[in-house]
Every structure is written in structure tokens, then in C-alpha cells.
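These are my notes from going through one model, entry by entry.

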Amino acid sequence: MKLVILRTDIKTKKKVKRIKPLLKNNPIISNWSVDIEDIDNVLRIETQNDANENEIITMIHNQGFYCESLPDY
């Protein structure tokens, strides 16, 4: 399993609902969440295999949202 952590502009429950079908129906994603209370609106995705982080970012961009890798601290 791989964990992908991304910074987004998904700031409301309404926006989370817009990406829900995309993430829920993706066979490589086993679990996901968006922390809309966090300053970076963190999207955490657990994948079944070594999913390509850039592919996930592209999927989120295609839905009209900003998304980038969250730098390690």
C-alpha cells in the first residue's frame, strides 16, 4: 500500500462531493479523505499498489481543482 498526501483547494463539503465519484470508483484507490479544516486542505489517498502520484494529481486537476504534492517537513 502507498499513501499519497496532496495539498488542494478543496475547501468545502460540496467540493468534496464533486470528487467523491472519481475517487470512490477508482480501482487503485482503497481509501481517501480530505481535511477541509487543515490550512492545506490535505487530500490523503491510500492506494493498493504503487500508483503514480502525477496521475492522481492530473485526475484532480481534470476535475477543476488545484492539487500538488505536499512538501515533507
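In which strand is T47 found? I located T47 in strand β3, bearing in mind throughout that I am reading a predicted model.

**Entry on T47.** I looked up the accessibility next, and T47 counts as buried because its relative accessibility is 0%, where the cut-off for buried is under 20%. Setting aside the neighbours within four places in sequence, I listed the contacts of T47 as M1, K2, I28, I29, S30 and I56.

**Entry on the sheet.** I then traced the strands and found an open sheet of four, in the order β2-β3-β1-β4, with antiparallel pairing. The edges are formed by β2 and β4, each of which pairs on one side only. Ignoring direction, I noted that neighbouring strands of this sheet are turned by 30 degrees against each other on average. On this sheet packs α1, which touches β2 and β3 and whose direction makes about 165 degrees with that of β2.

**Entry on strand pairing.** How many bridges join β2 to β3? I found six, with the two strands running antiparallel, and in this pairing V34 stands opposite L43 of β3. The two strands form a hairpin with six residues between them, and in the turn I noted N41, whose phi is positive at about 45 degrees. For β1 and β3 the pairing is again listed as antiparallel, over five bridges; here V4 has I45 of β3 as its bridge partner, while L6 is partnered by L43 of β3.

**Entry on the core.** Which residues touch the most other members of the largest nonpolar core? This core has 17 residues, and I found L6, L23, L43 and I45 to be the ones in question. At least two core residues are supplied by each of β1 (2-8), α1 (13-24), β2 (29-35), β3 (42-47) and α2 (53-62), and the largest share, four residues, comes from α2. In soluble globular proteins, I remind myself, nonpolar side chains tend to be buried together.

**Entry on α2.** Why do I place the buried residues of α2 on the same side of the helix? The residues concerned are I56, I57, M59 and I60. They lie on the same side of α2 because they cover an arc of only 155 degrees around its axis.

The N-terminal end is capped by N52, a side-chain oxygen of which lies 2.7 Å from the backbone nitrogen of N54. After α2 comes G64, for which I noted a positive phi, near 90 degrees.

How values were computed
Residues numbered from 1 in each chain as written. Predicted model: local features only at pLDDT ≥ 70, side-chain atom pairs only at ≥ 80, totals over all residues. Heavy atoms only, no water. Core = buried A, V, L, I, M, F, W, Y, C linked by side-chain atoms within 4.5 Å. Buried < 20%, exposed > 50% of the residue type's maximum accessible area, 1.4 Å probe, protein only. Contact = heavy atoms within 4.5 Å. Arc of directions from axis to C-beta. Polar contact = N/O pair within 3.5 Å; in protein donor to acceptor, adjacent residues only side chain to side chain. Pairing = 2+ DSSP bridges. Axes fitted to C-alpha atoms, helices over the stretch in contact; angles between N-to-C directions.
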